[in-house]
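Subject: Structure handover

Hi,

Here is the structure we talked about. Please open it alongside this note. My findings come after it.

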Amino acid sequence: MSPIALRAEKITKAFPGALALDHVDFDAHAASVNILVGENGAGKSTLMKILAGAEQPTEGRLLLEGEPVRFATPAEAMAKGIGIIYQELDLCPNMSVTENVFLGHEHTRNGLIDRKRQTQITRRIMNHLEQEIDPGRLVGDLRVSEQQIVAIAKALRHDIKVLVMDEPTSSLSSQEVQTLFATIRDLKARGVAIIYISHRLEELLEIGDHLTVLRDGKVAAHAQVSDIDMPWILHRMLGETRLDVPHHGAVARRDPLLTVNDLSYPRTSSGVSVDHVSLEVKAGEIVGLFGLMGAGRTELLECLMGLHPQASGTVTLGGEPLDGRLGLDQRIARGMMLIPEDRQAAGIVQTMTLGENITLANLARYQRMGWLPRNPGSEDIAATVRDLAIKARSPTQMITTLSGGNQQKAIIGKALLTRPRLLLMDEPGRGIDVKAKAEIFTIMNLLTAEGIGILFVSSEMKEIVALADRTLVMSGGKITAEFTRGAYDENDLMLNAARTRVAI
């Protein structure tokens with residue numbers, strides 16, 4: 001077995017009213033991929049922040065190559081060779097790729113930033129990652145998957161001994177995942193200890209060497225990945241919890257709730273377009289939208305929400321045409337709501353509480369004579385927390401202190417308070433654990449039983465196959481195939497996701 005690069009001994013972390021970690025032991029072996037799994041709220045991210053100097057343990061200690069260490073800041077941890085790539089990317093969207101890669105560690109020459117050298121190094125790192133991202137592009141203009149690559153490049157710029165990756169593939173395509181895995185194997189060959197967190201359990205079995213399971217802030221199991229399988233992982237993550245997601249049954253013969261004809265959106269700077277897309281969603285129906293990165297799925301949902309006024313084509317909701325000039329507010333008022341892909345940037349307001357986020361889209365309902373009461377929507381907040389089983393100490397808890405799955409439920413709760421007829425859900429299961437996904441998918445089924453139509457995007461083929469009544473496949477901005485439940489498999493999805501001609 002390879003030597004231990006970083007050891008956490010009896011790590012305990014207590015927050016007001018909650019014990020996040022309870023005497024956790026964790027070893028990160030050099031030249032290995034050390035997997036950490038557990039439900040949302042199990043304590044994974046808290047442990048990683050402690051390892052990377054972003055949080056301080058209440059009890060316990062860290063040993064780096066056998067020597068006790070204590071990091072007051074992430075910069076101190078990085079100086080000792082410990083880097084971290086967070087699930088929610090810590091990038092500056094108004095700065096270039098190169099500026100982000102070197103932020104806080106700029107190369108200088110004669111007292112000035114040596115931009116030419118920084119650009120050369122950034123391009124070399126991108127070539128190593130087999131990416132063609134222009135070092136001069138603004139990060140805010142990149143897609144989420146490209147931003148993830150920038151975060152990885154930022155970490156790889158340092159001489160690292162331990163690299164923590166928190167959900168690094170949550171926004172990557174299959175091809176990009178394999179590129180990342182090649183980079184990870186290269187780092188292993190150089191002796192780097194990789195600490196890897198992911199909810200895509202198939203990835204763990206492919207890339208992992210050692211595995212630790214956290215449950216409720218405690219270590220539930222340790223194992224060599226070569227000695228275990230998927231049922232072993234699920235059982236130790238969830239105990240006896242079942243993950244069966246009941247399907248709401250066949251959709252009755254109903255008139256279309258949403259009708260889209262010839263919707264088109266000009267090609268963007270990233271090369272993505274929506275090309276004469278036509279589709280329907282019935283009341284009480286779940287329609288899946290599958291495609292590879294850059295297929296135009298997110299852009300399609302954004303067009304439906306009126307976020308791209310230059311889009312052409314016709315959209316009808318409940319028999320009522322939606323004029324292309326109608327913006328976001330007007331479309332929400334007519335019964336359409338979007339659950340965005342980027343939870344942190346577009347789904348929540350990070351400086352607000354859970355309750356404030358839930359009521360944010362409905363403040364006009366609570367105002368009296370132009371003023372808001374002290375606790376607007378308190379009854380709606382309580383009902384939302386109860387009905388969606390949001391795990392939180394209080395509605396006054398800051399939204400960012402909740403697990404990813406509970407943040408996602410809060411976003412759904414905010415959407416439901418607008419009383420939508422149609423929900424557009426962009427990657428609703430991204431970056432959350434198996435149990436949280438099952439809970440959210442169950443919520444989706446319950447909503448369709450109430451007559452709400454759902455059009456949802458997912459990069460996970462298993463999610464699409466299990467949940468959708470019908471599935472549309474996109475490639476190159478076009479719809480390339482349509483399938484009904486039970487009449488296709490994952491091979492059909494992938495085959496049509498690589499096509500560019502219209503097949504329906």
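A word on ground rules. This is a predicted model: local features need pLDDT of at least 70, side-chain atom pairs count only at pLDDT 80 or more, and totals for chains, interfaces and linings use all residues. Residues are numbered from 1 along each chain as its sequence is written, and side-chain values use heavy atoms, with hydrogens and water left out.

**Overall**

The chain has 18 helices and 22 strands. Both are DSSP runs numbered from the N terminus: helices are H or I with at least four residues, strands are E with at least two. The C-alpha trace spans about 70 × 50 × 50 Å along its principal axes. The radius of gyration is 23 Å, which agrees with the value near 23 Å for a compact globule of 504 residues. That radius is taken over C-alpha atoms, and the globule rule is 2.2 Å times the number of residues to the power 0.38.

Of the 504 residues, 53% count as buried. Buried means under 20% relative accessible area, exposed over 50%, and partly exposed in between (1.4 Å probe, protein chains only). Among contacts with a separation of 6 or more, 67% come from residues 24 or more positions apart. Contact means heavy atoms within 4.5 Å.

**The six-stranded sheet**

This open sheet has the order β18-β19-β20-β15-β21-β22, with mixed pairing. Two strands pair if DSSP finds at least two bridges between them. The edge strands are β18 (336-339) and β22 (478-484), and each pairs on one side only. From one strand to the next, the twist averages 20°. Angles run from 0 to 180 degrees between N-to-C directions, and axes are lines fitted to C-alpha atoms, for helices over the stretch in contact.

β18 pairs with β19 (residues 422-426) in the parallel sense, over four bridges. Met336 has Leu422 as its bridge partner in β19. Helix α15 lies across β18 and β19, at about 170° to β18. Helix α18 (residues 490-497) also packs on the sheet. It touches β15 (286-290), β21 (470-475) and β22, and its direction makes about 30° with that of β21.

**The four-stranded sheet**

Here the order is β14-β13-β16-β17, in an open sheet with antiparallel pairing. β14 (274-282) and β17 (320-321) are the edge strands, each pairing on one side only. Five bridges link β13 (residues 256-265) and β16 (residues 312-317) in the antiparallel sense. Asn261 has Thr314 as its bridge partner in β16. Helix α9 (residues 297-304) packs on this sheet and touches β13, β14 and β16, with its direction at about 115° to that of β13.

**The cores**

A nonpolar core is a set of buried Ala, Val, Leu, Ile, Met, Phe, Trp, Tyr and Cys residues joined through side-chain atoms within 4.5 Å. The largest has 73 residues. Leu258, Leu279, Leu304, Met336, Leu424, Met444 and Phe456 touch the most other members. Helix α16 (residues 434-449) gives the most to this core, with six residues. Not counting residues up to four places away in sequence, Met444 touches Ile286, Met425, Pro428, Ile454, Phe456 and Leu467. A second, separate core of 49 residues includes Leu129, Leu180, Val213 and Trp232.

β1 (residues 4-15) runs antiparallel to β4, joined by five bridges. Thr12 has Glu59 as its bridge partner in β4. β4 also runs antiparallel to β5, over three bridges, and Leu63 has Pro68 as its partner in β5. The hairpin of β4 and β5 has two residues between the strands, and Glu65 takes a positive phi near 50° there.

Glu167 has a positive phi as well, near 55°. Glu167 sits in the loop between β9 (162-166) and α6 (174-189). It counts as buried because its relative accessibility is 3%.

Gln397 is in the loop between α14 (378-387) and α15 (404-416). At 9% relative accessibility, Gln397 counts as buried. The side chains of Gln397 and Thr401 make a polar contact of 2.8 Å. A polar contact is a pair of N or O atoms within 3.5 Å; within protein, one must be able to donate a hydrogen and the other to accept it, and residues adjacent in sequence count only if both atoms are side-chain atoms. Leaving aside neighbours within four places in sequence, Gln397 contacts Thr353, Leu354, Ala392 and Leu402.

Best wishes
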